[in-house]
Amino acid sequence: MNCRDANAIPIDQFLASRGIDPVKVRPRAKWYLSPLRVEKTASFKVDTQQNKWYDFGIGVGGDLVTLGTRLTNASVRDFLQQLEQGKFTIASPGPAEPVEVISEWSIAKVKPISHPALLAYLKQRSIPLALANTFCAEVHYTNGEKVYFAIGMKNDSDGYEVRNNFFKGSIGKKDITTLHKDPTRVVMFEGFIDFLSAQVLYESLRKCSAIVLNSVTQLPKALDRLQVIAPRRVESYFDNDEAGRKCSQDLREKIPDAIDRSDLVVPHKDLNELLRYKKSLSIQM
């Protein structure tokens, strides 16, 4: 990969794939809490038309390579190699305010997952295709004349939470996803990839009802849903990071008996990282 290839990747999709979500979304721009520093008011702008970024707090901007080298403290050569191989992570700035969305996205087609790029993504994540197709679909969506595709799980507002190698976001209204099975036990996850990972890792969870937050900012909606379900047991499998721990703490403040199961993934960041690690061990054996 060279700089020209890297700079063709949409910056907003690059940020989203690293767990950095916008606070405000406009037709031509997205605003973020700066990933380069700590702030409480979003002043980091991504121009989605020109594919450029600018941090008004420090007066610096540029293209994706310029941003990537700053975020990773890597040389241009190392960043391009890391971007191609997917071997680095970028720390999320933590939970943001609820996203204000003015969306031009629209769903063009929903079908079983079959695109080679999405099959490769599932393989990379160690998620079986049959399992993914049970809960998700291949979603084709448009923005103007451009057509994109991703793996999507429907949320409770009939929108889709979508993921591929470069994009993590919502098409339609943002909401939690509730999966109804045994109502006496509800297990909770930050995102649907972790939900799918749990289905692989823990057979006992396959019979439970589940709530996928689709963003830690959606916890209040999940709490409202839990009041309706009224389960005897609530377990959270949130990420082993600052945002996940804060979400677990907020959950226990409202439901003191809620069980925090993030200890299961230590020293990994999340359930999918744990699943991929266990998969690598089985291949080595």
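The sulfur of C136 sits 18 Å from the closest cysteine sulfur, in C208, which is too far for a bond. The structure holds zero disulfides (pairs of cysteine sulfur atoms within 2.5 Å). This is a predicted model, where local features need pLDDT of at least 70, side-chain atom pairs count only at pLDDT 80 or more, and totals for chains, interfaces and linings use all residues. Residues are numbered from 1 along each chain as its sequence is written, and side-chain values use heavy atoms, with hydrogens and water left out.

**Cysteines**

- C136 counts as buried at 8% relative accessibility; buried means under 20% relative accessible area, exposed over 50% and partly exposed in between, with a 1.4 Å probe and protein chains only.

**Nonpolar cores**

- A nonpolar core here is a set of buried Ala, Val, Leu, Ile, Met, Phe, Trp, Tyr and Cys residues joined through side-chain atoms within 4.5 Å.
- The largest one has 28 residues, and I151, F189, F192, L205 and L271 touch the most other members.
- At least two residues of this core come from each of α5 (116-125), α6 (129-135), β9 (146-154), β13 (182-189), α7 (192-201), β14 (208-212) and α10 (271-284); helices (H or I, at least four residues) and strands (E, at least two) are DSSP runs, numbered from the N terminus.
- Helix α7 hands over the largest share of this core, six residues.
- Setting aside neighbours within four places in sequence, I151 is in contact (heavy atoms within 4.5 Å) with I113, L118, Y121, L122, C136, A137, E161, V162, R163 and F192.
- There's a second, separate core of 18 residues, including I9, L15, L64 and L71.

**Cavity and pocket**

- On a 1 Å grid over the protein atoms alone, a cavity is a set of points where a 1.4 Å probe fits but cannot get out, while a pocket is an open set with protein on both sides within 12 Å along at least five of seven lines; lining residues have an atom within 4 Å of a point.
- Grid points are joined across faces, edges and corners, and a volume is the space filled by probe spheres set on the points.
- A search of the whole structure turns up one cavity of 30 Å³ or more, and the largest cavity has a volume of about 40 Å³.
- Its lining is made of F135, L179, K181, F195, Q199, L205, R206, C208 and A210, with α7 and β14 being the elements that give two or more residues.
- That lining splits into six nonpolar, one polar and two charged residues, where Ala, Val, Leu, Ile, Met, Phe, Trp, Tyr, Cys and Pro count as nonpolar, Asp, Glu, Lys and Arg as charged, and the others, Gly among them, as polar.
- The second largest pocket holds about 250 Å³ of space, and its lining has nine nonpolar, three polar and no charged residues.
- Lining that pocket are I9, P10, Q13, A117, L118, Y121, Y141, Y148, F149, N164, N165 and F166.
- Both α5 and β9 supply at least two residues of this pocket's lining, and α5 gives the most, with three.

**Two single residues**

- D250 lies in helix α9 (residues 242-254) and counts as partly exposed at 23% relative accessibility.
- V23 is in the loop between α2 (11-17) and β1 (24-25), and V23 is buried at 6% relative accessible area.
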